[in-house]
Amino acid sequence: MKNWLVSIIGSLLLVVGVAQAQDFEEGVHYEVIADEATSKPEITEFFSFYCVHCFRFEPIAKEMKSEYPNAFQKAHVSFISPRGNVGEEMTQAFVVAEKLGKSDELSAAIFDYNFNKNNMLTSKEDIRNVFIVNGVSGEEFDKAMKSFTVRTAAARMDRRATNLGVNATPTFIVNGKYKMLPQGFRDSDDFVGDFTDLAGYLLEK
């Protein structure tokens, strides 16, 4: 009796899972932007610290990172810049924060300055000061920003964004093949949950 009940419940869960997966429609919830997927599963959020929508999407990014820790990653873009080439410098600073293992802490601080405190970071010196306030010495920051490794990684982020046709932020791309469409969830009662489920569905597609 118990085995029969477990079997029925399992079947029902499978049917529900398939039904939910079928609810995601190409052209509505996602679009195909490449013929081939990446060799390993990945969800990439292309974002900018100068994008208020990215700031508002931070809870969603955190949910995805929690749900898919081995697949989720962020990539800063340089084409949004409040002044001169500070967009590029911010991308390099993001790479530095990642290499120092302080990306979560510094990301929160930078977004806080830009959109909560309305104290936009418009120069390399501004960015440097945020790092210092959050425990990174000025010398360590300067050395890292000048390193070939950091500059190369930052350029790679921008190049990949260009290759994938990213021209707005935030843009979520799964497996280098599927672009998630937030506008497809306008009528959702649980945007965060549904958008996160879409990422999982596309990871397995």
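A disulfide is a pair of cysteine sulfur atoms within 2.5 Å. By that criterion, this predicted model holds 0 disulfides.

## The chain as a whole

Let us start with the overall layout. The protein chain has 9 helices and 5 strands. Read from the N terminus, the elements follow the order α-β-β-α-α-β-α-α-α-α-α-β-β-α. Of the 205 residues in the chain, 42% are buried. Take the contacts between residues at least 6 apart in sequence: 75% of them join residues at least 24 apart.

How are the strands arranged? The 5 strands make an open sheet with the order 1-5-4-2-3 and mixed pairing. Strand 1 and strand 3 (72-76) are the edge strands, each pairing on one side only. From one strand to the next, the twist averages 25°.

You can walk through several of the pairings one by one. Strand 1 runs antiparallel to strand 5 (residues 178-180), and 3 bridges join them. Within this pairing, E31 has K179 of strand 5 as its bridge partner. Strand 5 is also joined to strand 4 by 2 bridges, again in the antiparallel sense. On the way from strand 4 to strand 5 the chain forms a hairpin with 3 residues between the strands, and N175 in the turn has a positive phi of about 55°.

Strand 4 pairs with strand 2 as well, antiparallel and over 4 bridges. In this pairing I173 is the strand 4 bridge partner of T44. As background, strands of a sheet pair through backbone hydrogen bonds, either parallel or antiparallel.

Which way do the side chains of strand 4 point? T171 and I173 point one way, F172 and V174 point the other way, and all are buried.

Helix 4 (residues 86-99) lies across strand 2 and strand 3, and runs at about 145° to strand 3.

## Aromatic rings

The structure holds 20 aromatic pairs. A pair of aromatic rings is described by the distance of the centres and the angle of the planes. Two of the pairs are set out here.

| Pair | Type | Centre to centre | Angle between planes |
|---|---|---|---|
| F24 and Y201 | tilted | 5.3 Å | 35° |
| F55 and F115 | stacked | 5.5 Å | 20° |

What does the pair of F24 and Y201 tie together? F24 lies in the loop between helix 1 (2-22) and strand 1 (30-32), while Y201 lies in helix 9 (residues 191-204), so the pair links parts that are 177 residues apart in sequence. F24 is buried, with a relative accessible area of 13%, whereas Y201 is partly exposed at 22%.

The pair of F55 and F115 counts as stacked because planes under 30 degrees apart fall in that class, and the angle here is 20°. F55 sits in helix 2 (residues 52-56) and F115 in helix 5 (residues 103-116), so this pair ties together parts that are 60 residues apart in sequence. F55 is partly exposed, with 24% relative accessibility, while F115 is buried at 18%.

Ring pairs also build up a cluster, made of F24, Y30, F57, F172, Y178, F185, F191, F195 and Y201. Among its members is F172, one of the buried residues of strand 4.

## Charges over rings

Finally, two lysines sit over aromatic rings. K74 lies over the face of F47, 4.3 Å from the ring centre. The charged end of K117 sits over the ring of Y113, at 4.4 Å from its centre.

Conventions. Residues numbered from 1 in each chain as written. Predicted model: local features only at pLDDT ≥ 70, side-chain atom pairs only at ≥ 80, totals over all residues. Heavy atoms only, no water. Phe/Tyr/Trp six-rings, centres within 6.5 Å; stacked < 30°, edge-to-face > 60°. Buried < 20%, exposed > 50% of the residue type's maximum accessible area, 1.4 Å probe, protein only. Lys NZ or Arg CZ within 6 Å of the ring centre and 35° of its normal. Pairing = 2+ DSSP bridges. Axes fitted to C-alpha atoms, helices over the stretch in contact; angles between N-to-C directions. Contact = heavy atoms within 4.5 Å.
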